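Please look at the sequence and the model before reading on.

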Amino acid sequence: MKRLLAIVCLIAVAGSQLCRVEAADPEILAHAIDSRLQSQFDAEQIIPSPRADDAEFFRRLNIDLVGRIPTAVAALEFIRDANEDKRAMAIDRLLESPEHAEHFANVWRALLLPEAETDRQIRYFLPGFELWLRQRRAENVGFDVIVRELLTVPITGTEERPQHVLTNLQAANPMAFIAAKEANPAKLAATSTRLFLGIRLECAQCHNHPFDQWTQEQFWNQAAFFAAVQRKGRGPFAPVFESPETKSIALMNDTSKIVPAVFLDGNDPELHTQTIPRRALARWITSSENPWFSGATVNRVWGQLMGYGIVDPVDDFGDSNPPSHPELLNDLAAAFTATDYNLTELYRSICRTRAYQRTSQQTDPQQSEPGLFAKMAVKPMSGEQ
């Protein structure tokens, strides 16, 4: 039985007043998204592009949700279908297909393991890592679950008998994330904050961030959560072990200064003697109280589907790069949290919007700015697509 979605949105109503609405239907969130965008169009007297025809829409939807163009037979069948709800039905059908889970795995493998593009050794991890991603997406687990499992993959080895990171090429294996980063605390911290919080903290690795609030100490506070993970040897296949008592780390260019594991919001984690620090970090990152997780995730999905982020680049949240539509970003983040980080509902809602279904053909000079979302952006294909 489909779970009732407790989506709380803001929707424009008569008299330009706002009301809070609880919805069990993605159409409600889709309408809220379009209402936010329409408010700006009205204020700036922008005429958005018209609705894409069925051929353009169906091609776009297939590329975005299953990673390939539709067959000629499928496209003609969709175009000839007289059902008024055929677009919503196509969205649901593609999201439920095995090809969607496979495409999701391709997209996130490229984000999580970019090293595979240049390191042949890391490519040995790809079958198992992609299988793990496909399985989790096919099961429609919350994105918070995927992130926690990725960051807290069990390490059972000891210093005397470290754990092998790859024993079966075909078995589902999220360990690839740690192995590809060579169990390096700095690499793991930088990647985690960028992908899951939308913050480019790596700029603060050797000095305070030149354009944002982050300090060098804050970068190494995050790295300290991964300092317990160590490896015996060099390279991605080096076996690993974990020392739970290690909860601090030295700064990169000042080894005399040791900093503890501290959350990016400044709060101290409760780390007991045998508490594994990265588990505390994973819980904090995916907490509903975290000020960045939901916003960063919905912004990344929005950027994938719309071709341009509400914050763009999608992984560069900061005072110097504010969102183009902050209320819209807040609406999406609140709805995502309310649905227990359900990616299917997020994809479904965005794809049902007028914004997503507009043509990419420019029909007015004011539509040229991509951050307005007055027309669909022309998106480059990935290698897999």
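Two residues are in contact when heavy atoms of one lie within 4.5 Å of heavy atoms of the other. The model shown here is predicted.

**Helices α2 and α3**

Asp54, Ala55, Phe57 and Phe58 in helix α2 meet Ala74, Ala75, Phe78 and Ile79 in helix α3. By class, this contact between α2 and α3 has 7 nonpolar residues, 1 charged residue and no polar ones. Helix α2 covers residues 54–66 and helix α3 covers residues 72–80. The two pack at an angle of about 130 degrees, which makes α2 oblique to α3. Their crossing is right-handed.

**Helices α6 and α7**

A second pair is formed by α6 (residues 126–138) and α7, the latter covering residues 143–151. The angle between α6 and α7 is about 150 degrees. Angles over 145 degrees count as roughly antiparallel, so α6 and α7 are roughly antiparallel to each other. The crossing of α6 and α7 is right-handed. On the α6 side the contact is made by Phe129, Trp132 and Arg136, and on the α7 side by Val145, Ile146, Glu149 and Leu150. The contact of α6 with α7 has 5 nonpolar and 2 charged residues, and no polar residues.

The table sets out the packing of both pairs.

| Helix pair | Angle | Distance between axes |
|---|---|---|
| α2 and α3 | about 130 degrees | 10 Å |
| α6 and α7 | about 150 degrees | 11 Å |

**Two buried residues**

Asp144 lies in helix α7. Is Asp144 buried or exposed? The relative accessible area of Asp144 is 11%, and buried means under 20%, so Asp144 is buried. Leaving out residues up to four places away in sequence, Asp144 touches Thr286, Phe293, Asp340 and Tyr341.

Ser294 is found in helix α12, which covers residues 293–306. With a relative accessible area of 8%, Ser294 is also buried. Apart from its neighbours within four places in sequence, Ser294 is in contact with Ala333, Phe336, Thr337 and Tyr341.

**Helix α1**

Helix α1 runs over residues 26–44. Its 19 residues, at 1.5 Å a residue, should span 27 Å, and the end C-alpha atoms are 28 Å apart, which agrees. The buried residues of α1 include Leu29, Ile33, Leu37 and Phe41. Asp34 and Arg36 are also among the buried residues of α1. After α1 comes Gln45, which has a positive phi, near 55 degrees.

Technical notes
Residues numbered from 1 in each chain as written. Predicted model: local features only at pLDDT ≥ 70, side-chain atom pairs only at ≥ 80, totals over all residues. Heavy atoms only, no water. Helix = DSSP H or I, 4+ residues; strand = E, 2+ residues; numbered from the N terminus. Expected span 1.5 Å × (residues − 1). Buried < 20%, exposed > 50% of the residue type's maximum accessible area, 1.4 Å probe, protein only. Axes fitted to C-alpha atoms, helices over the stretch in contact; angles between N-to-C directions. Parallel < 35°, antiparallel > 145°, perpendicular 65-115°, else oblique. Left-handed = near helix turned anticlockwise from the far one by under 90°. Nonpolar A, V, L, I, M, F, W, Y, C, P; charged D, E, K, R; others polar.
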